[in-house]
Amino acid sequence: MSEDGIDPISLEIAWNGLKSIADECFTAIMRSAFSSNVKERHDHSTAIADARGRLVVQAEMALPVHLASMGGMMKELLALYAGDIGPGDIFIANDPHVAGGTHLPDINMAAPVFEGDRLVGFIANIIHHADVGGAAVGSMSGGLDEIYKEGLRIPLMRLYRRGKCDEDLLRLLLLNMRLPDERRGDLNAQIAACRLGEGRLQDLLKVHGAARMDAIFDAVIERTQLRMRKAIASLPDGTYRFEDMMDDDGAGTRDIRIVLAITKSGEEITFDFTGTDPQVKGNFNLTWNATQSAICYSLKALLDAEIPTNQGIFDAIRIIAPAGSFVNCVAPAAVAMRANSCQRVVDCVLGALAPVVPTQVVAAANGANTSAVFTGTDPATGKMYVYLETLGGGMGARYARDGKDGVQVHITNTSNLPVEAIELEYPLRVEEYSLIPDTGGAGRQRGGMGIRRVIRPVAHTCEFNGVGERFHHAPWGLFGGAPGASGRFYLLASDGERTPLSSKATRIALCEDTCAVIETPGAGGYGKPEERALSAIDADLQAGKITLQEVRTNYSQWMEFPLPSS
Amino acid sequence: MENWIVGCDVGGTFTDFCAREMASGRTVIHKRPSTPDDPSRAVLNGLKELAQLHDIDPAAIGRFAHGTTVATNALLQRKGAGVALVTTRGFRDLLEIGRQARPLIYDLQVDAPAPLAPRHLRFEIDERIGPRGEVLRPLHDADIDALIEAIRAQPDVTAVAVCLIFAFINPDHERRIAEAIRAALPQVFVSVSSDVQPEFREFERFSTTLINAFLQPEVSGYMARLEAEVKTVAPEAEFGIFQSSGGLMSVQRAGQFPVRTALSGPAAGAVGAAGSGASSGIGDVITLDIGGTSTDVCLIRDGKTALASTRDISGFRIRLPMVDIHTVGAGGGSIAQIGGDGLMKVGPESAGAVPGPACYGKGGTLPTVSDANVILGRLPIQLAGGGLTIDRDLAVRAVEPVAQQLGVSLEEAALGIVGIANANMSRAIRVVSIEKGYDPRLFTLMPFGGAGGLHAADVAKSLGMKRIIVPLTPGILCAEGLIMADLQEDFVANCRSIVTEAAIPQLRAECAGLVDRALDWLAQEAVGDAAQTMHLSFDMRYFGQNYELAVPVASGTGTITCPDAATLREAFLAEYRRSYGHCDPDGTVETVNLRLRATARLTQSAAKGAPQATSVAERQFVPVWFDRTGPAQTPILARAHLPAGTVLPGPAIITQLDSTTVVPPDATVRVDGALNMIMELADV
């Protein structure tokens, strides 16, 4: 027996049981949702929280950026409804400013679980819905400058009371969203997952009882916190600083500065963003919860990837983020593209701690959550369509390995939509999907390559909205490694003429004979390029991942000892 | 004249044989160490030994069914052909990007494996087919010629995968390229995506095809050599290779589609389990195959194994119909340790076969699940078959440090290790049952493998399962499955259409096309008057969804036709409701693929002549820990001494050649007419 009253064997088994519930709910949503965004791209998460609203377990495949959002919702839920929560209730919310969310498309649901009349915990889940209304199709366009334009704001509301659905509320929600049938299908998947999780937690309650379950929740959170503190303690004491820039907010503000000072002392760690720029007009602002997500991700990735994701991590860290700043915005700040800014916070944490964890850290990755949205009316059916994609890019180079080419990085890990799925579903043609040579930053270890995707409409004119980052402030290298290439958007006409687009390309009309070209950023290199092994340079040349031009610019050792080139 | 069927399953440690004489049902088994450097040696020597030991005339072996891990190992070790890829212009990196997700979100150091074909061997060719099969950009012969020269210039390339966008709808371009390569470079193996896996979603199709090409030179060479060698011993034997989808195919077909053997071994176990269940009249079974490093589970409903369509093996994605086996890293060799959070963890690290669990005295010192079972008295010191000796002191020495760290008694630590391993195994069963919409309490648990019977009762209890069936020979169920397997082939056609009466003629035509192909195949591969059956299913979804359900719609012998629209719709809604617990009765329903499975039933016979025991022999009693309350005096019984009709109250430990069954105090075992042991658990 340990001091928490649950022996380490029973706790391990009970904990596994809880994880298994979160995983089963995750799978249930993936299988029964309607939208490609969930079924193919897995842009959803599930979790269990205790009666005090603290997150206890998250599904293994849950996304880091969803973590704090579910936690944020629980806090508001209890503040608003404590004492008025009953079996069969399901709560719904999405608002970043009053309901703990991070952006509007992420709709949260939570269902309480009771033993008798004693509240034991909550089953929570979140789906990124492909549209929640607002000024732009997909609710994710750049250039929106207040939250009201970004879509329907849902405060904490009760969707089910004692097992009965509030149809009035549901009708209001669906009326404000494009593609209501798809929304209904996805919301149903969330409801079904809540019910599934409730039943499964009830089964566990039959074994343990509410009092012991409370103790289990406490122990899980406490042990996570201890483990996190132990990992923190492994860092040398000191203050570590880093600054990075966002390109722009799509609404006139350029070079948004994020300033971070990390102070580590014993088992304590503080992330101080004092000096960071104020919140901006465009929709790149971070709510407190979003910033917290990014920091938790970074610490786990750097120190101990196996640390469970729950409240215990939050409890182990301290964050200072001035209200009204870019990393702790207040209403009515617009926030839809917050994933890009989360990536930059991650880069700041990695950059600050790089000197003390040189073997664990990675150079700056593509630093974005590059999104491309194509909308229009299908000439064959006369129906509107929305195709949303987020694209990966380079992963930063590491101490002993090159960065991975063309992959989702850090706080996001969504899948792509297959080319054949796109062309079967939408009147679009994918002309190219490839890695871009010379985009990985040179170094002893090379940074990962960016992705090029070329798409054009078939037999109609459509609209393109793109959001990119690190189009100006390239992903930096580490310890002498060169930066990776920036990203860019441009139009490619059939005669080969190129029209550059901004990194926040809004409502671009795309004629049938014009392609939208999306090029995501590469990633920074690690170590001095002149230390790169000749065999690695040769392999990259052979593979066409770098050109001779790149070799001549960055790898002087090659010119001194030329190998027979292919 | 006798007629023997021999099943031979090659595993990492042992090569198992099971042979049955058709007329008498006489069944014999043989087990010998594998020879991983050249698996065929153990196969050939084992076959000779089997014949000698059991007085089988090799000329009387009519069928030789083979389960192989050659393909799996080639993938795990990345030892295959130098392989090139030919793809549509603009898409040579598609395989490398994959689905653009990384395997572990929080681990910065782990990547998906590099593609089997390096970038400089991924060739693009100018052509493009559109989503309706229309040619958007024609394919030119001059480009094909240039491509062939480029491949010719790469002497290490011995196999080529041809993978074009939308080739599953219009395979013309792929075929032209393949034919040209075959004609110009006859020594090069060619795999074509529209042959290997003609279904939508290019990454999965390309990946499956590339894996096929990677395996082809090695596997087809191995198969042909093995067939020739086996023929020198058993000249009359028809040779069948077991495929991951659960049936046999010819050596020639296996050489063409080696990727279909990637799960050959575990799938045979599931078929053996289905057969054993059937012999006791039990159709709904969940298998629990516990080996040294991992546990495989599979759901069998109504005697049929569940099928999965996608699986990653060693990080490489395969999309083909495969027996749906879920694997977790928990087995007898799984190591117990205290994790970073101070809690006890079991696995996925394993002591493997070498050094193995401490109790086997082969140099292992870390505490494993087997060591815990020894301490609890569940794994007897003397195993029935001899073979391995067990040293309890070594087990104690390994587990003691963990017990001290946790501040618990030795037995409590051992109960903990077993309990955590059981929880991991139960979780695997939840994945194949509850997560797919099946209630495990309505199924019978069938443990097999060396350690299945040690854990079955605990695992069943934790899932609320009431009944366990322990097959007659749990240690060689895979080999037994091989002799029960039928010839089988899966056909698929792409048929994307909304389910309405108007669409039925087109679907019927597609269906008739598949039936024709199946009849051709049966005429070629099925010898004699084998009973033939066909099963028709559709991959269906609600319109607008991007995820399909496999919906069985008809089965029968000879001709089979596509039912009407109302029947299709109903079948889909029922399957949707079963899988997800809800459905929209008014939603528009769409078909995506049409699948036809053809089987040719091979001559079979029920097992007979197994242990004809007389009386229950002298009982030895040992103390066994079933829970924390302390040990119970428990008899150890040899299974060979338990004749049909035996009824035995728990507690008991039942041992046989290579496996042990634990019967807890509140359970009862009876031996049925098929000599399977049926364990009933008390209500909990």
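In this predicted model, 55 residues of chain A are in contact with 52 residues of chain B. Two residues are in contact if their C-beta atoms, placed from the backbone, lie within 7 Å. On the side of chain A that touches chain B, the elements giving two or more residues are α1 (8-32), α2 (36-39), α5 (180-208), α6 (210-233), α7 (288-303), α10 (419-425), β14 (428-435) and α11 (534-543) of chain A. Helices (H or I, at least four residues) and strands (E, at least two) are DSSP runs, numbered from the N terminus. The largest share of this side comes from α1(A), with 11 residues. By class, the side holds 19 nonpolar, 17 polar and 19 charged residues. Ala, Val, Leu, Ile, Met, Phe, Trp, Tyr, Cys and Pro count as nonpolar, Asp, Glu, Lys and Arg as charged, and the others, Gly among them, as polar.

Residues are numbered from 1 along each chain as its sequence is written, while chains are lettered from A and ligands numbered from 1 in the order in which they are written. Because the model is predicted, local features need pLDDT of at least 70 and side-chain atom pairs count only at pLDDT 80 or more, while totals for chains, interfaces and linings use all residues.

Now take chain A by itself. It is divided into domain 1 (8-226) and domain 2 (362-566). Such bounds come from an automatic or database domain assignment. The C-alpha centres of domain 1 of chain A and domain 2 of chain A lie 34 Å apart. Between them, 20 residues of domain 1 of chain A are in contact with 16 residues of domain 2 of chain A. On the domain 1 side, the elements that give two or more residues are α2 and α3 (64-81) of chain A. That side has eight nonpolar, seven polar and five charged residues.

A UniProt annotation from an unreviewed entry, "domain: Hydantoinase B/oxoprolinase", covers residues 7-529 of chain A. UniProt positions are given in the numbering used here, feature names are shortened, and annotations may be inferred rather than shown by experiment. The end C-alpha atoms of residues 7-529 of chain A lie 52 Å apart, and the span is 29% helix and 25% strand.

Next, look at strand β6(A). Strand β3 (residues 90-93) of chain A is joined to β6(A) by three bridges, and the two run antiparallel. Two strands pair if DSSP finds at least two bridges between them. A:Ile92 stands opposite A:Met157 in β6(A). Two bridges join β6(A) to β7(A), again antiparallel. Here A:Tyr160 stands opposite A:Cys165 in β7(A). β6(A) and β7(A) form a hairpin with two residues between them, and A:Arg162 in the turn has a positive phi of about 50°.

A:Gly163 is found in the loop between β6 (157-161) and β7 (164-165) of chain A. Is A:Gly163 buried or exposed? A:Gly163 counts as exposed because it has 11 C-beta neighbours inside 10 Å. A residue is buried if 20 or more other C-beta atoms lie within 10 Å of its own, exposed if 12 or fewer, and partly exposed in between; C-beta atoms are placed from the backbone.

Turn to chain B. Its domain assignment gives domain 1 (81-218) and domain 2 (487-601). Their centres, taken over C-alpha atoms, are separated by 28 Å. The contact takes five residues from domain 1 of chain B and four residues from domain 2 of chain B. The domain 1 side divides into four nonpolar, no polar and one charged. For "domain: Hydantoinase/oxoprolinase N-terminal", an unreviewed UniProt entry lists residues 6-183 of chain B.

Within chain B, follow strand β5 (residues 82-88). Six of its seven residues are buried. Six bridges join β5(B) to strand β9 (residues 157-163) of chain B, and they run parallel. B:Val86 stands opposite B:Val162 in β9(B). Another four bridges join β5(B) to strand β6 (residues 122-125) of chain B, also parallel. The bridge partner of B:Thr88 in β6(B) is B:Ile125.

Finally, the cores. A nonpolar core is a set of buried Ala, Val, Leu, Ile, Met, Phe, Trp, Tyr and Cys residues joined through C-beta atoms within 7 Å. Of the 384 residues in the largest nonpolar core, B:Val83, B:Val160 and B:Leu210 touch the most other members. A second, separate core of eight residues includes A:Ala442, A:Ala482, A:Ile537 and A:Leu541.
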